[in-house]
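Colleague: Could you take me through this one in plain words, a topic at a time?

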Amino acid sequence: MNSDSQEFKIVTADDPEMDPIASYTSPDGRELYEHFRFEADKGQALLRIDKFLVTRMEKTSRNRIQQAAMAGCIIVNGKPVKPSYKVKPLDVVSIVMDRPRYEFEILAEDIPLDIVYEDGDLLVVNKPAGMVVHPGHGNYHGTLVNALAWHFKDNPDYDVNDPRMGLVHRIDKDTSGLLVVAKTPDAKTHLGRQFFNKTTKRQYYALVWGDFEQPAGTIVGNIARDPRDKLRMAVMEDPSVGKHAVTHYRVLESFGYVTLVQCILETGRTHQIRVHMRHIKHPLFNDARYGGDQILKGTTFAKYRQFVENCFAQCPRQALHAKTLGFIHPRSGVQMDFDSEVPSDMQGLIDKWRGYRQQSASSD
């Protein structure tokens, strides 16, 4: 495993989707988060890392530690190691996972789930806007993970705290739409590989400010934390900074001052569509984090301002929905494609703008 360029970086934010923990990108493109850290003392004798950790970790086994190492989840001095690695004096050993650390025990909560599909290997769920995916930063209850813990409470093979299964990808709190959950380690490995290799099919619907000169386009720009605002991400001018990100878009319907677009992700970065659309001066409608909660296009008439305020009230979040999701089933090898309806708040918003455009056209 080539990892010479991998080093931890500390990130800080108050957003439940952007956690203040150490993270790094693995060789297969996963963003990994530090859960535990141990430092060997000066007198540490050479010792296999599985033996070193099993005495320091509660409720775990050498076999599980070995599996974690083989999965690239045990880091020594910033680099992943194999189970046979021997710990030396002053080594810094970290255990990393592909999700933020849960600060408290995950409680199963009886929260309704819109389950689109489920079998023995995976589950596809349609997440509502306003639901945080992972617990953390003041959101310790009411999350998708809490709901999944309840859904799987009678399944002895599913451990909500086991990083080898569970959510394969994430979407923001105020974004609605489809997510896939792996119920077995093999399913998560297989599905994770598809996301890394960009063979999954993901389409989003977004209502954005402004009209487009071209019917389609592609946005390419590295994304990193905005140095001027730690709660936002931004496109970096320096190509050596940030993570490579590509978003393809196509105009579905123009309403003059706002446009409904379809976005296809080639990569999956934090806030990617929101950041890329803002970068090309088309912020998502009512996206407070990226300036879309202001009246950016249109007239100065009071009647128009009131109309837009009514639209903000109709859909009080960024107008973004993960509409479709496609992947190859990890066991059967069959292509699985799912589609979800645009939720009522966002559909009502689209209908309002469609009616406004038609009314404006009829009065011309």
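**Pocket, salt bridges and buried spots**

Modeller: Sorted by class, the second largest pocket is lined by 6 nonpolar, 1 polar and 5 charged residues, where Ala, Val, Leu, Ile, Met, Phe, Trp, Tyr, Cys and Pro count as nonpolar, Asp, Glu, Lys and Arg as charged, and the others, Gly among them, as polar. Please keep in mind that this is a predicted model, in which local features need pLDDT of at least 70 and side-chain atom pairs count only at pLDDT 80 or more, while totals for chains, interfaces and linings use all residues. Residues are numbered from 1 along each chain as its sequence is written, and side-chain values use heavy atoms, with hydrogens and water left out.

Colleague: OK, and which residues line the second largest pocket?

Modeller: The lining consists of Asp226, Pro227, Arg228, Met233, Ala234, Val235, Met236, Glu237, Val275, Arg278, His279 and Lys281. A pocket here is an open set of points on a 1 Å grid over the protein atoms alone, where a 1.4 Å probe fits, with protein on both sides within 12 Å along at least five of seven lines, and a lining residue has an atom within 4 Å of a point.

Colleague: Which elements each supply at least two residues of that lining?

Modeller: Those are β16 (233-235) and α5, with helices (H or I, at least four residues) and strands (E, at least two) taken as DSSP runs numbered from the N terminus. The space in this pocket comes to about 260 Å³, a volume being the space filled by probe spheres set on the points, which are joined across faces, edges and corners.

Colleague: Changing topic, how many salt bridges are there in the whole structure?

Modeller: The search finds 16, each being a side-chain nitrogen of Lys or Arg within 4 Å of a carboxyl oxygen of Asp or Glu. One of them joins Arg228 and Asp226, with 3.5 Å from N to O, and these two belong to a network of salt bridges that also takes in Asp229 and Arg232.

Colleague: Is Asp226 buried or exposed?

Modeller: Asp226 is buried, because its relative accessible area is 2%, whereas Arg228 counts as exposed at 74%; buried means under 20%, exposed over 50% and partly exposed in between, with a 1.4 Å probe and protein chains only.

Colleague: And what does Arg274 meet in a salt bridge?

Modeller: Its partner is Asp172, at 2.8 Å from N to O. That pair links distant parts of the chain, 102 residues apart, since Arg274 is in helix α5 (residues 272-279) and Asp172 is in the loop between β11 (166-167) and β12 (176-182). Both ends count as buried, Arg274 at 6% relative accessibility and Asp172 at 12%.

Colleague: What about Arg357, which side chain does that one meet?

Modeller: Arg357 forms a salt bridge with Glu253, at 3.2 Å from N to O. Arg357 lies in helix α7 (residues 344-363) and Glu253 in strand β17 (residues 246-254), so this pair ties together parts 104 residues apart in sequence. Arg357 is partly exposed at 30%, while Glu253 is buried at 18%.

Colleague: Now Ser340, where is it found?

Modeller: Ser340 sits in the loop between β20 (335-339) and α7, and it counts as buried at 4% relative accessibility. Its side chain makes a polar contact of 2.8 Å with the side chain of His321, meaning a pair of N or O atoms within 3.5 Å, where within protein one must be able to donate a hydrogen and the other to accept it, and residues adjacent in sequence count only if both atoms are side-chain atoms.

Colleague: What else is Ser340 in contact with?

Modeller: Leaving aside neighbours within four places in sequence, the contacts (heavy atoms within 4.5 Å) of Ser340 include Asn126, Leu178 and Lys323.

Colleague: And Thr175, buried or exposed?

Modeller: Thr175 counts as buried at 2%, and its side chain is joined to that of Gln318 by a polar contact of 3.1 Å.

Colleague: Last topic, which residue has a positive phi of about 65 degrees although it is not a glycine?

Modeller: That is Asn286, which lies in the loop between α5 and α6 (302-314) and counts as buried at 12%. Asn77, with phi near 55 degrees, is in the loop between β5 (74-76) and β6 (79-80) and counts as partly exposed at 45%. For background, most residues other than glycine have a negative phi.
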